[in-house]
Amino acid sequence: MIENRYSIEELLQLKPSEIQPVDFDAVEFRAIIEKIKQVQLLKDEEFAHGGHFNR
Amino acid sequence: TILSDSTQFEYKHPLNTKWTLWYTKPAVDKSESWSDLLRPVTSFETVEEFWAIFKNIPTPIDLPLKSDYHVFRNDIRPEWEDEANSKGGKWSFQVRGKNNNVEELWMRSLMAVIGETIDEDEYQINGVVLSVRKGTYKFALWTKSEDREPLFEIGKKFKQVLKLNDENQLEFFPHSSANNKHPQPSITL
Ligand SMILES: [Zn+2]
Ligand SMILES: [Zn+2]
């Protein structure tokens, strides 16, 4: 049985305006993601310049 | 005094079940296997915890390519091999091109799933997935069965959540076809 149902409107009303604390390491999580983006960017650059090296 | 400490009595809005956020990290080198890449991030059981988490993590457009967010009920793993998923499938939709209010659609999908406004009276929905791919964002609603009758109702509601019109088709893929090279949807809506 589904007892606790919330419409999208109700959930939006409960949305806080400030950032609240969480009980996992969100700072580390965001850092990991930033790191992956940097690695992907570097790989893309290598790929874009690959033509020179292959010649 | 205890009475003046309002935080002690702060009411939290319970969700119907526990949910877990999982993240699939893109492979940066070939030695990484799928099990290295898919990890649970955190779990939540109240509306308040849900908001705290989703205000603290990157939004879809800030995720690297080949990332997935998965939000699954209880301890269901976001894999079709999980017992809870094995007889089910997914309603799937792709948003092509840049942004196209992907963030809003992802938040609406999450709210509809954890608020249980897509499920009628049985737990048909196991979870929801967002996949970031080149030029496209894929939304998928994972169901526990491939019974057509509840699926039509769920699909119709999911279309409303994603604000789709008649030209935008939602497709259902049973997980049993996940190994096919070119899986065909068993239902389109
Ligand atoms: Zn160059
Ligand atoms: Zn309330």
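Is His175(B) buried or exposed? Select it and see; keep in mind that this is a predicted model. At 5% relative accessibility, His175(B) counts as buried, because the cut-off for that is under 20%. You'll find His175(B) in the loop between β7 (171-174) and β8 (187-188) of chain B.

Next, show what surrounds that histidine. Beyond its neighbours within four places in sequence, His175(B) is in contact with Trp80(B), Asn85(B), Gly88(B), Gly89(B), Lys90(B) and Trp142(B). Zoom in on Gly89(B): its backbone oxygen is 3.5 Å from the side chain of His175(B). The C-alpha atoms of the pair sit 4.6 Å apart, although 86 residues separate them along the chain.

Now for the nonpolar core. The largest one has 52 residues, and those with the most contacts inside it are Phe44(B), Phe54(B), Trp91(B), Phe139(B), Leu141(B) and Phe158(B). Helix α3 (residues 102-114) of chain B gives the largest share, eight residues. Apart from this core lies another, of seven residues, including Trp22(B) and Trp142(B).

Leaving out residues up to four places away in sequence, Trp91(B) touches a list of residues including Phe139(B), Leu151(B), Phe158(B) and Ile187(B).

Last stop: colour α3(B) and helix α2 (residues 47-56) of chain B. They pack at an angle of about 160°, with axes 12 Å apart, which makes α2(B) roughly antiparallel to α3(B). Their crossing is right-handed. Show side chains for the contact: Phe50(B), Trp51(B) and Phe54(B) from α2(B), against Trp106(B), Met107(B), Leu110(B), Met111(B) and Ile114(B) from α3(B).

Note on methods:
Residues are numbered from 1 along each chain as its sequence is written. Chains are lettered from A and ligands numbered from 1 in the order in which they are written. This is a predicted model: local features need pLDDT of at least 70, side-chain atom pairs count only at pLDDT 80 or more; totals for chains, interfaces and linings use all residues. Side-chain values use heavy atoms; hydrogens and water are left out. Helices (H or I, at least four residues) and strands (E, at least two) are DSSP runs, numbered from the N terminus. Buried means under 20% relative accessible area, exposed over 50%, partly exposed in between (1.4 Å probe, protein chains only). Contact means heavy atoms within 4.5 Å. A polar contact is a pair of N or O atoms within 3.5 Å; within protein, one must be able to donate a hydrogen and the other to accept it, and residues adjacent in sequence count only if both atoms are side-chain atoms. A nonpolar core is a set of buried Ala, Val, Leu, Ile, Met, Phe, Trp, Tyr and Cys residues joined through side-chain atoms within 4.5 Å. Axes are lines fitted to C-alpha atoms, for helices over the stretch in contact, and angles run from 0 to 180 degrees between N-to-C directions. Angles under 35 degrees count as roughly parallel, over 145 as roughly antiparallel, 65 to 115 as roughly perpendicular and the rest as oblique. A crossing is left-handed if the near helix is turned anticlockwise from the far one by less than a right angle, and right-handed if clockwise.
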